[in-house]
Amino acid sequence: MNDQVRLHYETWVYPRYPLAASVRRSDTYALSLDALYARFNGTLPPAAARRILLAGCGSFSPYPTAVANPGVPVTALDLSAANLRRARLHAWMHGRFGISFEQGDLMDPAAAQGEYGFIDSFGVIHHLADPLAGLRALERRLAPGGILRLMVYSRGARRGVESARRALRLAGVRDVARLKDLLRRSPPGSRLGHAVEASGEGGGDAGLADALLHPRARTFSIDGLMAMVGETGLVPLRFAHSRALAEPAAEVVRLRGLEQAGEPVPNFVLYLGREPRGGCGLAPDALLMLNPALRHDVGVLRLAPLAVPPRLGLKNPVLGFAARRFLRRFRTPVPVSALTPGDRERVDPFLDALFVIPFR
């Protein structure tokens with residue numbers, strides 16, 4: 001079946017962003033290895049952990065990951081040679097060359113060997129025959145203190161999509177041309193139209209193929225996801241989907257309540273850690289440093305307010321003139337002991353947003 005998944009992405013390169021599509025470095029703040037490692041370990045990553053793996057990189061993620069982590073080796077692993085060609089071209093067009101592109105299966109121990117301080121596996125293990133085995137394969141590649149970002153489909157978010165997928169399989173629909181013809185002939189408000197809208201993939205052929213014609217896709221309840229994580233040694237650190245609560249246990253309770261009430265549930269985005277040591281917060285012996293992804297966007301020459309799209313579930317503070325001036329202080333690490341009580345209060349929302357990093 002992995003061969004079917006590979007062939008799917010050889011045919012439908014995903015995601016199909018225009019090659020001219022670019023990202024601001026500030027938009028990549030939640031992909032910063034330094035920021036994530038310090039957030040959950042209280043130190044910057046040691047040299048042995050300064051490596052990043054994109055496990056199932058698709059055709060785009062190597063580029064923003066390299067933007068967020070200049071000078072850090074990035075390995076982009078994917079089943080599909082077509083995905084890798086597109087990803088390489090996109091990165092090269094935007095001047096990002098420090099990426100190793102590797103065609104392979106994350107279930108193969110010979111692929112992407114070694115340990116990594118950050119692994120991103122966004123929308124991948126729900127396409128595996130055995131998601132738990134896939135999660136364990138990722139765990140084995142994490143360095144001590146390493147961070148894994150995982151995204152999997154939630155049952156609540158995909159209910160309509162999965163219903164449409166079953167109907168299309170029963171009808172023998174296997175290609176996008178026939179699917180698009182069905183969509184054109186569907187009446188307004190049809191279940192198929194609602195499924196496309198719910199998937200968020202109605203803008204292109206590759207998106208339609210990924211949402212509705214993929215050969216294998218699983219969904220998870222929140223309890224199913226946490227049971228799978230519990231079969232590993234990985235520690236839940238933080239959910240990062242829309243409106244996620246910062247404390248994982250509290251977010252699990254919230255999501256379970258939404259599921260039981262039949263309310264909309266987002267696809268799950270979860271940061272996991274291997275032997276995390278815990279953040280240091282505003283400990284007296286800690287230092288505070290600006291997230292490296294924001295260094296160029298808090299400069300004195302920037303006049304307009306900066307709104308950074310949220311990547312950790314909650315809305316980010318808008319960076320106006322006064323906020324940028326305050327954050328510029330942390331371009332060079334500042335001892336917590338040097339902060340005034342007012343500074344400590346003022347820096348709190350920037351710590352929550354991952355804009356400022358505490359470390360020892």
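Does R166 count as buried or as partly exposed, and at what relative accessibility? In this predicted model, R166 counts as partly exposed because its relative accessibility is 46%, a value that falls between the cut-offs of 20% for buried and 50% for exposed. The residue belongs to helix α6, which spans residues 159-170. On the surface, R166 gathers with R169, R174 and R191 in a patch of positive charge.

The chain as a whole contains 13 helices and 10 strands. Its radius of gyration is 21 Å, which agrees with the value near 21 Å for a compact globule of 360 residues. Along the principal axes, the C-alpha atoms fill a box of roughly 70 × 45 × 45 Å. Of the 360 residues, 52% are buried.

Side chains of opposite charge can pair when their charged atoms come close. The whole structure holds 17 salt bridges. One of them joins D223 to R256, with the closest N and O atoms 2.8 Å apart. D223 lies in helix α10 and R256 in helix α11, so this pair ties together parts that are 33 residues apart in sequence. D223 is partly exposed at 37% relative accessibility, and R256 is partly exposed at 28%.

Helix α11 also contains R254 and E251, which lie three residues apart, about one turn of the helix. These two form a salt bridge with closest N and O atoms 2.8 Å apart. R254 is partly exposed at 26% relative accessibility, whereas E251 is buried at 0%.

A further salt bridge links R360 and D285 at 3.0 Å, N to O. R360 lies in the segment after β10 and D285 in the loop between β7 and β8, so the pair connects parts 75 residues apart in sequence. Finally, salt bridges with shared partners join D3, R6 and E10 into one network.

Conventions:
Residues are numbered from 1 along each chain as its sequence is written. This is a predicted model: local features need pLDDT of at least 70, side-chain atom pairs count only at pLDDT 80 or more; totals for chains, interfaces and linings use all residues. Side-chain values use heavy atoms; hydrogens and water are left out. Patches are made of residues with over 30% relative accessible area and no salt bridge: like charges are joined within 9 Å, nonpolar side chains (Val, Leu, Ile, Met, Phe, Trp, Tyr) within 5 Å. Accessible areas come from the Shrake-Rupley method with a 1.4 Å probe; for residues, only the protein chains shown count as cover. A salt bridge is a side-chain nitrogen of Lys or Arg within 4 Å of a carboxyl oxygen of Asp or Glu. Lys and Arg count as positive and Asp and Glu as negative; His and the chain ends are not counted. The place of a charge is taken as NZ of Lys, CZ of Arg, CG of Asp or CD of Glu. Helices (H or I, at least four residues) and strands (E, at least two) are DSSP runs, numbered from the N terminus. Buried means under 20% relative accessible area, exposed over 50%, partly exposed in between (1.4 Å probe, protein chains only). The radius of gyration is taken over C-alpha atoms; the globule rule is 2.2 Å times the number of residues to the power 0.38.
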